[in-house]
Amino acid sequence: MLDVGGRQARRRRRTVRTVEAAVAMPVLLALLLLGALLFDVITDTLSWQVLAPAGSGRSFAFAEGFAPFGSWDRVMRLELAARGVPAEDIEPLLADPEERRVLEARNRVELMPWVDGRPFRWLVTTVSDELVADRPLWSGLASRRELLAAAEPGQVVVLNAWLDPAFVLRNASRSPLVAGLLPAFVGSLLLVGLVILLAVPIGVGTAVYLEEYASDTRLARLIELNLSNLAGVPSVVYGILGLTVFVRLMRLGPVVLAGALTLTLLVVPVVVVAAREAIRSVPPSLRQAAYGLGATRSQVVLRVVLPNAVAGITTGVVLAIARTIGETAPLLVLGAAAFVPRPPDGLLSTFTAIPIQIYSWVSENDVEFTHAASAAIVVLLAVLAVLYGIAYYLRRRFASR
Amino acid sequence: MTDADKIADETVRSSPVPAEEAAVVIEDLSLWYGDFRALYDVSLTVPRNQVTALIGASGCGKSTLLRSINRMNDLVEGVRVSGAVRYDGVELYGPDVDPVEVRRRIGMVFQKPNPFPKSIYENVAFGPKLTGFRGDMDALVERALRGAALWDEVSGKLRESGLGLSGGQQQRLCIARALASDPSVILMDEPTSALDPIATDRIERLITDLKRDYTVLIVTHNMQQAGRVSDRTAVMHLGRLIEEGPTDLIFTNPRQELTERYVSGRFG
């Protein structure tokens with residue numbers, strides 16, 4: 001007798017639900033861990049601090065100091081006045097480029113979420129400020145009243161948000177209070193720019209050659225076999241290669257150019273694989289139509305195949321950029337400096353990159369640097385998230401065609 | 001006796017085309033895909049300004065023959081050709097003939113419509129742009145689209161994607177694209193087999209119009225279509241041309257037994 005919709009069906013449904021739960025479990029776990037990581041890192045970018053300020057120690061209301069692109073100037077004027085600089089000397093001080101440079105290097109204008117019990121105030125921290133106490137976000141939150149009470153006159157109790165626009169725009173410093181991500185950010189940007197300039201033509205050219213001009217030769221098969229091998233080589237090995245060839249053999253030294261060349265080698269297989277996939281997915285009927293109209297092979301490639309493959313190629317390029325920004329090991333081996341005070345001023349200057357900066361801050365003895373490291377991590381994750389988001393969006397557009 | 005043995009060595013021809021009316025002359029054309037011989041000494045004269053249909057069972061070599069005329073078979077690996085194809089007095093397989101030039105003068109329309117994922121305008125302009133056309137492109141595009149009976153439907157949306165058109169419209173776009181290069185011969189490889197009956201009808205009427213200005217050679221597996229559309233018909237079987245002549249003669253009074261069996265539907 002047929003058991004339709006009876007015990008067997010119920011058992012099957014139970015099995016399906018169990019399987020679904022079993023499959024969903026690791027995903028949920030991963031998401032949970034990721035959430036925990038992000039939470040941990042983000043909370044570490046905020047800390048309660050008690051400062052013994054070397055500047056005026058005065059904070060200013062948000063409205064007092066805010067100006068759409070001139071907040072720094074406005075707050076700095078207030079601070080200089082608070083320090084007792086005579087009114088007629090303030091403007092010349094800010095106007096003189098040399099004096100201004102010194103001011104910028106030694107001071108940091110920050111919008112603190114909380115200063116001495118009042119929310120959102122401007123505070124100018126200096127290189128010579130003394131850090132009396134530093135508490136993590138949650139325990140500090142609980143004990144902020146005690147901190148206020150225990151603070152001696154002249155001391156300032158703040159909730160310091162390490163991740164603010166000033167963070168990305170400031171140079172690194174020996175003092176964690178004024179340290180910024182600018183040299184690393186610019187270094188990473190330069191690397192990305194150079195890598196795109198080099199890897200895209202090489203990668204796309206190789207893919208076009210393999211797919212259109214030499215698809216069945218022994219050379220092509222050899223390249224194809226090794227391409228997937230190359231993509232799987234640990235990045236440290238590329239670092240050693242770069243060190244030997246670019247830094248030592250070519251006598252470039254541990255400079256931006258050497259770093260870019262090394263990362264190009266790392267990234268070219270990624271671009272080639274993505275470009276090949278994109279080129280292969282151009283339907284043969286389009287090629288036939290183009291040939292039928294009397295196109296030469298290069299015209300078919302340039303006017304029909306590549307325009308159609310652009311979305312897929314761009315996806316590969318975006319993924320390559322993401323790898324360039326995130327790679328630490330090869331740059332470390334290469335000799336990217338751990339402490340670089342200012343952004344690189346050319347292709348042949350020493351440099352640092354965001355992951356290197358994170359690594360060096362985390363290795364510092366001064367516990368305050370961990371806040372800076374966390375802030376840098378958040379910046380890095382945000383950039384990567386945006387890049388992967390773009391790659392995802394491009395993939396979807398690519399698929400719908 | 002197998003069918004292969006029954007094929008006479010000679011093609012049976014009725015009302016042969018006089019030489020001065022020829023657009024394309026195929027002489028003893030044989031073709032091999034590697035070791036496989038696809039065409040056996042085919043000779044055919046295609047008359048100017050007429051529609052010639054190429055019919056035959058699946059795998060008989062009609063598409064191969066068609067593609068030999070504009071040297072599209074050159075794109076396949078391991079193809080070998082012997083014999084001659086003469087167009088406008090030029091031997092197309094001669095030593096200093098560039099296949100790219102051949103394809104610019106002989107147009108082709110494929111079985112499944114394959115417009116480029118570009119705008120309608122860019123699709124039609126593609127061919128002329130290959131050769132660096134510098135004249136009035138707008139006028140050329142309009143002329144080609146009118147020639148393909150598509151202008152009235154798309155004149156207001158030339159910048160929209162060609163892929164947004166219906167199947168029949170896409171095929172007419174492909175015809176316009178071929179016309180834009182101003183060929184004198186148009187090759188069509190089963191152009192309506194992927195289309196619905198209404199679209200098929202429109203294209204068949206277009207083909208009958210086209211012969212005013214062009215020579216059309218159409219491969220079709222649909223015998224009724226061959227009967228409706230063509231002036232002459234050539235029948236192929238297993239790589240050989242078995243009979244050719246005026247269409248009504250082929251269909252009403254075929255001289256070869258195989259032809260008779262094929263047109264009466266006894267095999268396909």
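Q: Let's start inside the model. What covers the buried residues of H13(A)?
A: A buried residue is one with 20 or more other C-beta atoms within 10 Å of its own. This is a predicted model, and here the cover includes helix H14 (297-326) of chain A, together with helix H3 (99-105) and strand E7 (106-109) of chain B.

Q: Which residues of H13(A) are buried?
A: Helix H13 spans residues 284-292 of chain A, and its buried ones are Arg287(A), Ala289(A), Ala290(A), Tyr291(A) and Gly292(A). Just past the end of H13(A), look for Gly294(A), with a positive phi of about 95 degrees.

Q: Chain B keeps coming up. How many residues of chain A are in contact with chain B?
A: Contact here comes down to C-beta atoms lying within 7 Å. By that test, 14 residues of chain A touch 16 residues of chain B. H13 and H14 of chain A each supply at least two residues of that side, and H13(A) gives the largest share, six residues. By type, the side of chain A that touches chain B has six nonpolar, seven polar and one charged.

Q: Now zoom out. How many helices and strands does chain A have?
A: You can find 17 helices and six strands in chain A. Its radius of gyration is 28 Å, well over the 21 Å that the globule rule gives for 401 residues, so chain A is more spread out than a compact globule. Its C-alpha atoms fill a box of roughly 80 × 75 × 40 Å along the principal axes.

Q: What share of chain A counts as buried?
A: Of its 401 residues, 38% do.

Note on methods:
Residues are numbered from 1 along each chain as its sequence is written. Chains are lettered from A and ligands numbered from 1 in the order in which they are written. This is a predicted model: local features need pLDDT of at least 70, side-chain atom pairs count only at pLDDT 80 or more; totals for chains, interfaces and linings use all residues. Helices (H or I, at least four residues) and strands (E, at least two) are DSSP runs, numbered from the N terminus. The radius of gyration is taken over C-alpha atoms; the globule rule is 2.2 Å times the number of residues to the power 0.38. A residue is buried if 20 or more other C-beta atoms lie within 10 Å of its own, exposed if 12 or fewer, and partly exposed in between; C-beta atoms are placed from the backbone. Two residues are in contact if their C-beta atoms, placed from the backbone, lie within 7 Å. Ala, Val, Leu, Ile, Met, Phe, Trp, Tyr, Cys and Pro count as nonpolar, Asp, Glu, Lys and Arg as charged, and the others, Gly among them, as polar.
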